[in-house]
Amino acid sequence: MEALVASAVGVLTAAGIFLILRRRTFPVILGLSLITYAVNVFLFATGRLALNAPAVLNKYEEVPYTDPLPQALVLTAIVISFGMTAVIVMIALSAYLSSKDDHIDMTAQDCVDAPGEDA
Amino acid sequence: MNHWIVAPIVLPAILAPFIIMVLRYHLDLQRIFSVAGVVALLGIALTITAQASGGDIQVYELGDWPAPFGIVMVLDRMSAMMVLLTALLALPIVLYAIGSGWDQRGNHFHALFHFQLMGVCGAFLTGDAFNLFVFFEVLLIASYGLMTHGGGSVRLKAGVQYVAYNLLGSTLFLFALGTLYGVTGTLNMADIAVRVAELPPEDTALLRVGAVLLLLVFCIKAAVLPLHFWLPASYANAPLPVAALFAIMTKVGAYSILRMYTLAFGPEVEATQGLVGDWLQPAAILTLAVGAIGILGAHHIARMVAFCAIASMGTLLIAISLFTPEATAAALYYIFHSTLATALLFLVADLVMERRGGAITPKPPMPQSGLVAALFFVGAIAIAGMPPLSGFVGKLLVLDAARDASNANAVWFVILVGSFVTIVGLARAGSLIFWKSHDVEYAGEDAPEEEETDERSAPEPQPGLAFTAVFGAVAGLILLTLFAGPALEYTSKTAEQLFTPERYISAVLGGEE
């Protein structure tokens, strides 16, 4: 199972990095989502993988349990990455709608930004 | 427990939603509450700095959960100092934003401003690595809103880059924290320090991976060379008062490097020995070099100031990467100076852009040219490190601290030549913008541009307040120069505290005393 989880994290990260290096915003955002999935699975695994074990200690007997802290961390990470993906989609969408262009890189003209200027 | 410690986080955390929910249609009330909030924050910051200057490390346990299990806020000299710097920086910026009318060019400026302050203060005060991530996110989320404040297609495009870069940075942060948690089983910074010291040497491979990943994350925030690409485009295209506030964000990265790599992965920890300084120093030297070259090559005043920010981060990180108490004391003094100076230059750049556009080319004279030019001159002297102002003191301290370092020659050479190139670049920009303007007054081709600049400077409600704010930043720099002695004494004690991490660890983990 370790090998499966590890390769899942690896494949997701590799695909994410590949997509982030694209030139248009949509693949970049997809790549960011894939990488955040990868990190969520990774965080989950940092508490060691345990099958069929509850995330609480048992007061009465010694039973296997799984570390609850990474689960809480993953929850925080999911909420943040989900919200941030929504934000970047909105900003990218308004950038696309206002400039009719969804390239992620900026040209030389873009950088000299004041409207009343000759680039 | 001392409840003042959590106040710099709670105050903006309450004020910002209050501004959104209750005052969203009342700009005047928003302004009053926002300024009052920043003044109150300054008061709180002064109080906690006074408390921390005694040398005690105070701990605030959230929910009264004891240290390794609950989240703690820790007040020591460094965190108090950084909170004070944040409040000192916020006051002129909020006044400038009101005076220049930037806060009415989009929605929710003041609410986002206070959320940003909350994130910055939280990042400085927290004693928990995952909580540091959360406060990083708070300040980043607010900064996404501030960065795209006012809109415009170029700004939105720069915003997409900025958000994408920082999302990637946050993901890397999570990878780093996950690795550290996997090795040490804890996220409390003091507890990490204890576990790292106990780790058998043959099991430290993963720990080193985690430490380097974490360093990468902080270097992204601090805009260290190979990871600095986000900074010029985002700072130059953000509303410039916001860019002035962002001057503190790069310092959050520098602060985190100082905190983690003196406390948990300090110079005497075997597992990570030499890992940080050896990599950070060449990167910092290159950062300074690229910043100086960027200043010389910039065609636009906002980009030029953004490269000033990069160059000053280079100087700062050279001092940090030496990891000696003297160098750290110098670095802390320089943090104070470079934050104020960068912010001052961004505000002056905004004054220039509002009046004549930002291109560094000769154009007809602008209104209040003399006053703006004088302020630009003061800012340029400060950022370049010329004698009368605190930049000179700061650079002198850094050079002095680097004297005994192994590669002192390289450090001295790059700082001195970098300062020279910076001076040349700023002088070139200043003379093109302010002095050459009279030569082109009657040139025919400039007539349409003049119309456009007029149009741009139309919403100018209270330039007096804007100038007052800029003069406030100047006053901060002058005070920092006049009181360099007491300030340096404080930062020396701070450095001493940082390099005895045992006291921090016992304060956090030692339970209630």
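**View 1. His108(B) in the loop between helix H3 (77–99) and H4 of chain B**. In this predicted model, His108(B) lies in the loop that joins helix H3 (77–99) to H4 of chain B. The backbone of His108(B) has a positive phi of about 65°, although the residue is not a glycine. His108(B) counts as partly exposed, because 18 C-beta neighbours lie inside 10 Å, and a residue is called buried if 20 or more other C-beta atoms lie within 10 Å of its own.

**View 2. Ala223(B) in the loop between helix H8 (205–222) and helix H9 (230–237) of chain B**. Ala223(B) is another residue other than glycine with a positive phi, here near 60°, and its place is in the loop between helix H8 (205–222) and helix H9 (230–237) of chain B. Is Ala223(B) buried or exposed? Ala223(B) is buried, because 26 other C-beta atoms lie within 10 Å.

**View 3. Helix H4 (residues 109–125) of chain B beside helix H10 (residues 240–263) of chain B**. The axes of these two helices come within 10 Å and cross at roughly 20°, which means that H4(B) runs roughly parallel to H10(B). H4(B) passes H10(B) in a left-handed crossing. On the side of H4(B), the residues that meet the partner helix are Gln116(B), Val120(B), Ala123(B) and Phe124(B), while H10(B) brings Leu245(B), Ile248(B), Val252(B) and Tyr255(B). Sorted by class, the contact of H4(B) with H10(B) has seven nonpolar residues, one polar residue and no charged residues.

**View 4. Helix H5 (residues 129–147) of chain B against H10(B)**. The axes of H5(B) and H10(B) are 11 Å apart, and the two helices pack at an angle of about 160°, so H5(B) is roughly antiparallel to H10(B). The way in which H5(B) passes H10(B) is a left-handed crossing. From H5(B), the residues making the contact are Leu132(B), Leu139(B), Ser143(B), Leu146(B) and Met147(B), and from H10(B) they are Val242(B), Phe246(B), Met249(B) and Ser256(B). The classes in the contact of H5(B) with H10(B) are seven nonpolar, two polar and no charged residues.

**View 5. Helix H6 (residues 153–184) of chain B and the residue just after it**. H6(B) has 32 residues and reaches 46 Å from its first C-alpha to its last, which is close to the 46 Å expected at 1.5 Å a residue. The helix is mostly covered, with 28 of its 32 residues buried. Just after H6(B) comes Gly185(B), which takes a positive phi of about 75°.

**View 6. Helix H12 (residues 301–322) of chain B, with Arg303(B)**. Arg303(B) has its place in H12(B) and is buried, because 24 other C-beta atoms lie within 10 Å. Arg303(B) and Leu396(B) are 93 residues apart in sequence, and their C-alpha atoms are 27 Å apart in space.

**View 7. H12(B) packed with helix H16 (residues 408–435) of chain B**. H12(B) and H16(B) pack at an angle of about 165°, with their axes 11 Å apart, and H12(B) is therefore roughly antiparallel to H16(B). Their crossing is left-handed. Ile301(B), Met304(B), Ala311(B), Thr315(B) and Ile318(B) in H12(B) are the residues that meet H16(B), whose side of the contact consists of Val411(B), Ile415(B), Gly418(B), Thr422(B), Gly425(B), Ala429(B) and Ile433(B). By class, the contact of H12(B) with H16(B) has eight nonpolar, four polar and no charged residues.

**View 8. Chain A and its contact with chain B**. Chain A has four helices and zero strands, and its elements run α-α-α-α from the N terminus on. Of the 119 residues in chain A, buried residues make up 31%. Among the contacts in chain A with a separation of 6 or more, residues 24 or more positions apart account for 51%. Between the chains, 33 residues of chain A are in contact with 37 residues of chain B. Helix H2 (25–45), helix H3 (68–99) and helix H4 (108–111) of chain A each supply at least two residues of the side that touches chain B, and H3(A) gives the most to that side, with 14 residues. The residues of the side of chain A that touches chain B divide into 22 nonpolar, eight polar and three charged.

Conventions: Residues numbered from 1 in each chain as written. Chains lettered and ligands numbered in written order. Predicted model: local features only at pLDDT ≥ 70, side-chain atom pairs only at ≥ 80, totals over all residues. Axes fitted to C-alpha atoms, helices over the stretch in contact; angles between N-to-C directions. Parallel < 35°, antiparallel > 145°, perpendicular 65-115°, else oblique. Left-handed = near helix turned anticlockwise from the far one by under 90°. Contact = placed C-beta atoms within 7 Å. Nonpolar A, V, L, I, M, F, W, Y, C, P; charged D, E, K, R; others polar. Expected span 1.5 Å × (residues − 1). Buried ≥ 20, exposed ≤ 12 C-beta atoms within 10 Å, placed from the backbone.
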